[in-house]
Every structure is written in C-alpha cells, then in structure tokens.
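Below is a short report on a ligand site and a strand. Look over the model first, then read on.

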Amino acid sequence: MRKLYGLSIIFALLLVVSACSSDSSSEKKDDGDEAEDSTATGEVEIFSWWTGAGEEDGLLALIDLFEEQHDDIKVENAAVAGGAGTNAKAVLATRMQGNDPPSTFQVHGGEELNKSWVAADKMEPLNDLYEENGWMDKFPEDLIDLVSMDDQIYSVPVDIHRGNVMFYNKEVFEENDIEIPKTFDEFFEAADKLQDAGITPISLGDKESWTATMIFENVLLGVLGPDDYNKLFADEIEFDDERVIEAAEKFNKMLDYIDDDHASRNWQDAARLVADGDAAMINMGDWAKGYFSNDLDLETNEDFGYFTTPETEGDFTIITDTFGLPKGVENPDEVKEFLTFLGSTEAQDVFNPLKGSIPARVDADESEYDEYGTDTMADFKDSKLVPSLAHGSAASEGFLTKANQAVNIFVTQRDVDNLISALKNAAPEM
Ligand code: GAL
C-alpha cells in the first residue's frame, strides 16, 4: 500500500513535469518573444451586449457551434443588456480598470478599440493569429485597418453592419403610393404624404439616445458626402461649418415626423411599429433586419423593404463588431482558439444570417444569405466606407458620450444652435 502510494506520487510528479515542459514549448512564439503563461481553464467568457430579441440569436448559435467542436472548452455568455452597449461599456470599463478582463469582449473597430483599449495598453496584438490562419487576405484591407494601430492588429471582426439604411413597411408604402425616396426633398415629400394619411412616417425609439444619433450621422453623411464626413471626424472641418448646420436643420425637420412615444421605446419597440404597419419606416442598423427575419418572421422584400438614407447611395456607414484578446487573461491560448473560431467562415456564416449583418470575411458562402444580405455584400464592395459615430468607430467614447447627450437634448429642445455649440465644445475630445 505504502509502496503504491509512493509510486503514484512519483508518477504524478512526472506528469506535472512533462505537462510543464510541453506547455512551455507550445507557447514559444516564432518571433522569440517571451512566452505568455497560458493556463488551460476549460472556459472562455464572451462579453457583449447581445441579449434579447434580434440580438442574441446569432451569439447563441456561435456558442453552440464552438462547444460542439470543442469538448474541452465551455463558453460563458456574459452579455449585459442595452442596445449599442449602453450599459455593457460601463461594466466593461470597470472590469478592465479592476484588472478583471473578460476573456474577450465585443468592441467596435475604429476609435472605440484603439482609443479606449489599445492606447491604454490593454490589448494583445493578434498579428500571429492572422498569419497562422492565413487571414491577411481574407478580411478586406479597410477592415483590417479599422482594427489595427501602428501595424499591429488587435481584434477579429465577426460582422459588418450597415447603418445608413431605412427599413420600410411594404404594404404601407404601396397603399399610400410612396416611391422610394433618394433625395432629402423626395424623402420629406413622402413623409408629408404619409403624415397626411394619418401614418407615423418615421419610427424612432430613443429611450437610449444612440438611435437618434444614428439619424443625425446619416443626415450628416447625406449633406457632407463621405469625404467631408470623414474630415469632420478627423477634425479637419469644424462643427459650425455651414453644412453641419444644414444637416442639423434637416435632422430637425426629420423629427417632425417621428412617433409620439419615441422616448419610451427602445430600438426593437420602434422597429416593431414598422413591422406592424403603425409607422412607415425606420433608420436602424441592419440588426433590425435580423429582428424582422428571425424574431418576427417577416419576409425580406415582401413584408419589409430597404433603401439607403437620403443622398447616401454609394456610401456605407460601417459598424463592425470585433473581439480581441485583453492583456492579463489567464488562458490566452484557449481564448485564441475561440478567436480563431470567430474568424472562420463557418462561424461567420452561422452568425451573420441571424444577425442581419454581412460576414466580415470576403470568402463567405453567399448562399447562406437572403436578398438583403447579398445586396448589402455587393454594396459593401462598391461603396465608400465611413465609420459610424453612434457605434464608436468615428470618434472617442468621450466625444460620443457628449454627442449622445447633445442629441438627446436636441430631440426635446430642437435648438440647432445649442446642438452645434455642444458638438463644437466636445470636438477637442474626438
Ligand atoms: C451596435 C452593435 C450591433 C447591435 C447594435 C444594437 O453597437 O454593433 O451588433 O448589437 O449595437 O444593440
């Protein structure tokens, strides 16, 4: 008995020694950098704001597929409710500051990733992962740029959402003989006609103010055009430029056509008004398409249609959800395995048809997508891309918070001068 006990201790010690030596060899990086310590914990935590209708279907499908393929790693879904990360971003900031990062978290490519996390030295570069997986030509170059800083790539995009899209109720448009408007004049004419017929032309659910900020950013894009829109957020055009004022006036006019209870609705409630024919159209990112198709069972181009927001044809307001590797996680190797999965065509083609987005990869299987998806993929290839302000890509979180506040006040006060001066005052924080 005693001898057996002794032998088993020696055996256990041998196991530990061999596990340590094989770990350290597998962790050695090609570039000779110090290896990170990676403990296998058998669990990765994915942090996002994808809960509830129209948001979580894609995420849950991803988790299921990953767990099906990896018996040894469980995925903990740490989603925090609230559209556009209204609550999640604050929870994330607290965790990051407290050195308690999730294994990976939803972050928009562009300033949100770069200014909030990369510049603060909170993220690991993922160039090795891109190289190992042969991803350098599998994601569009512009997209890789959005998730890079100083030649280092910091996250893996899972989707591309479009922001400058209006979804409309087909029956309402047909019954009222409304043509798809392209210009602002046509848009306001259509809105007048609908209003005269007793229908709410535009549905807005700005219980969370980012939805109104989206309308404003797309009006800005329509008035300024993509080049000057980009210059505005690069601080090369001032917020009191006469075209920004013109955009604020047009945004103001749009607010003449919104639903009465907009401030008590979230984006799903507002999209629902359009689905039910109680409002004619909504400017919402195409996660609304996921909501229409998967949660409300509506048919694309039968029950609802879509068009680009006025005067933005040929432009694409891009919103990309990405996931990276925070510094200090216990099990970076397992997290990288999860990120490798998120970047695979298989994962992207499971996620995006449910989410309403198009795949971030260029080589996805188009047959998995309906007409909205294939139209959007084609548009994406031919369009000028601009980053969304409301979704964190165009400017820092500090500026966005102030812009959302200013827009929120504007929706009630409708004071163009106040909006312009609030944005101008916030500009140094961009
Ligand atoms: C965006 C995000 C989308 C969607 C939307 C509504 O910020 O990129 O994936 O979740 O918010 O919550």
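A polar side-chain atom of W50 lies 3.0 Å from an oxygen atom of the ligand. Such a polar contact is a pair of N or O atoms within 3.5 Å. Taken alone, the ligand exposes 300 Å², and the protein buries 100% of that. Accessible areas come from the Shrake-Rupley method with a 1.4 Å probe.

This is a predicted model: local features need pLDDT of at least 70, side-chain atom pairs count only at pLDDT 80 or more, and totals for chains, interfaces and linings use all residues. Residues are numbered from 1 along each chain, and side-chain values use heavy atoms, without hydrogens or water.

**Ligand contacts**

| Side chain | Distance to a ligand oxygen atom |
|---|---|
| W49, N or O atom | 3.3 Å |
| W50, polar atom | 3.0 Å |
| H391, N or O atom | 2.7 Å |

In total, 14 residues surround the ligand, each with a heavy atom within 4 Å of it. The closest are E55, H108, D321, K355 and H391.

**Strand β11**

Strand β11 spans residues 304-308. Strands here are DSSP runs (E, at least two residues), numbered from the N terminus. Five of its five residues are buried, meaning under 20% relative accessible area (1.4 Å probe, protein chains only). F304, Y306 and T308 point one way from β11; G305 and F307 point the other way. In a regular strand the side chains alternate between the two faces of the sheet.

Which strand pairs with β11? Strand β8 (residues 165-169) does, through five bridges, and the two run antiparallel. Pairing requires at least two DSSP bridges. M166 stands opposite F307 in β11.

Note on methods. Buried means under 20% relative accessible area, exposed over 50%, partly exposed in between (1.4 Å probe, protein chains only). Helices (H or I, at least four residues) and strands (E, at least two) are DSSP runs, numbered from the N terminus. A polar contact is a pair of N or O atoms within 3.5 Å; within protein, one must be able to donate a hydrogen and the other to accept it, and residues adjacent in sequence count only if both atoms are side-chain atoms.
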